[in-house]
Amino acid sequence: MLPTIALDLDGTIVDFYGVRGWLEALRNHDATPYYKAGELLDTDYLNALVELYKAAGGHVCVVSWCSKGNTSKAFYSATQAAKMLWLRKNLPAIEDVRIVEYGTPKYLVVKDVRTTVLFDDEQANRDAFRRAGGCARLPKNLFRFMLAKLAREC
C-alpha cells in the first residue's frame, strides 16, 4: 500500500521567497507574491508522477499555511485564492488541497499521520510531524521517493 504524500508549498514546491518584495507585500496584506512565485522543481514531471502515483492507488495532497500574522479574513481568502490558482495552473494533478492558518500543525491536517509522508522545507514542521508518528522528508527527495514507491508497486 502506498503512503499518502503531503506537500508543503512555499519553499518546497513554490519559489515564494524568491519573489522580490514578498515580505513587505505580506506585511501590507498583499497576496501578489503568491501569484508571481515560480517553481522550485519541474512541475510537469511532478504532475506526471502524481498521476502515476494515483493510478497505483496512492494519494497526494497539499498542506500549506496562509501567511504569518494573517489577521484579516479578506487577506486570508486572497492568500488561499492565490495559492489555489497557482496550483491549478502548475499542478492540476493534485486535487486535494488544504490551506490552513499559519502555525497549524500539519499532522492535524492530514487524514492519518501514520500513513503519510510530509515533504516540507521547514525543519520544525518535519520534526513535529515525526513526533506525531508520521514520516517527513526534505523536498529534494520527493522524486526519488515517489519513483521508489512506484517501482515497488509494479
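1. Start with helix 1. Helix 1 gives the most to the lining of the largest pocket, contributing 4 residues. Helices here are DSSP runs of H or I with at least four residues, strands are runs of E with at least two, and both are numbered from the N terminus. The model is a predicted one: local features need pLDDT of at least 70, side-chain atom pairs count only at pLDDT 80 or more, and totals for chains, interfaces and linings use all residues. Residue numbers run from 1 along each chain as its sequence is written, and side-chain values use heavy atoms, with hydrogens and water left out.

2. The largest pocket holds about 390 Å³ of space. Its lining has 22 residues, and the closest to the centre are Tyr17, Trp65, Ser67, Lys68 and Tyr102. Helix 1, strand 4 (60-65) and helix 5 (123-131) are the elements that give two or more residues to this lining. A pocket is an open set of points on a 1 Å grid over the protein atoms alone, with protein on both sides within 12 Å along at least five of seven lines; a cavity is a set where a 1.4 Å probe fits but cannot get out; lining residues have an atom within 4 Å of a point. Grid points are joined across faces, edges and corners, and a volume is the space filled by probe spheres set on the points.

3. By class, the lining of the largest pocket divides into 10 nonpolar, 3 polar and 9 charged residues. Nonpolar covers Ala, Val, Leu, Ile, Met, Phe, Trp, Tyr, Cys and Pro; charged covers Asp, Glu, Lys and Arg; the others, Gly among them, are polar.

4. The second largest pocket holds about 210 Å³ of space. It is lined by 14 residues, and Met1, Thr4, His59, Lys111 and Thr115 lie nearest its centre. This lining has 5 nonpolar, 6 polar and 3 charged residues.

5. The structure holds 1 cavity of 30 Å³ or more. The largest cavity has about 40 Å³ of space. Its lining consists of Leu9, Asp10, Val14, Tyr34, Ala37, Lys83 and Trp86. Of these, 5 are nonpolar, none polar and 2 charged.

6. Strand 4 deserves a look. Buried means under 20% relative accessible area, exposed over 50%, and partly exposed in between, with a 1.4 Å probe and protein chains only.

7. Serine 64 and threonine 4 are 60 residues apart in sequence and 15 Å apart in space, C-alpha to C-alpha.

8. Check histidine 29. Its phi is near 55°, a positive value in a residue other than glycine. Histidine 29 sits in the loop between helix 1 (22-27) and helix 2 (32-36). With a relative accessible area of 37%, histidine 29 is partly exposed.

9. Finally, a helix pair. Helix 3 (residues 43-55) and helix 6 (residues 142-153) pack at an angle of about 30°, and their axes are 10 Å apart. Axes are lines fitted to C-alpha atoms, for helices over the stretch in contact, and angles run from 0 to 180 degrees between N-to-C directions. Helix 3 and helix 6 are therefore roughly parallel (under 35 degrees; over 145 is roughly antiparallel, 65 to 115 roughly perpendicular, the rest oblique). Helix 3 passes helix 6 in a left-handed crossing, where the near helix is turned anticlockwise from the far one by less than a right angle; clockwise would be right-handed.
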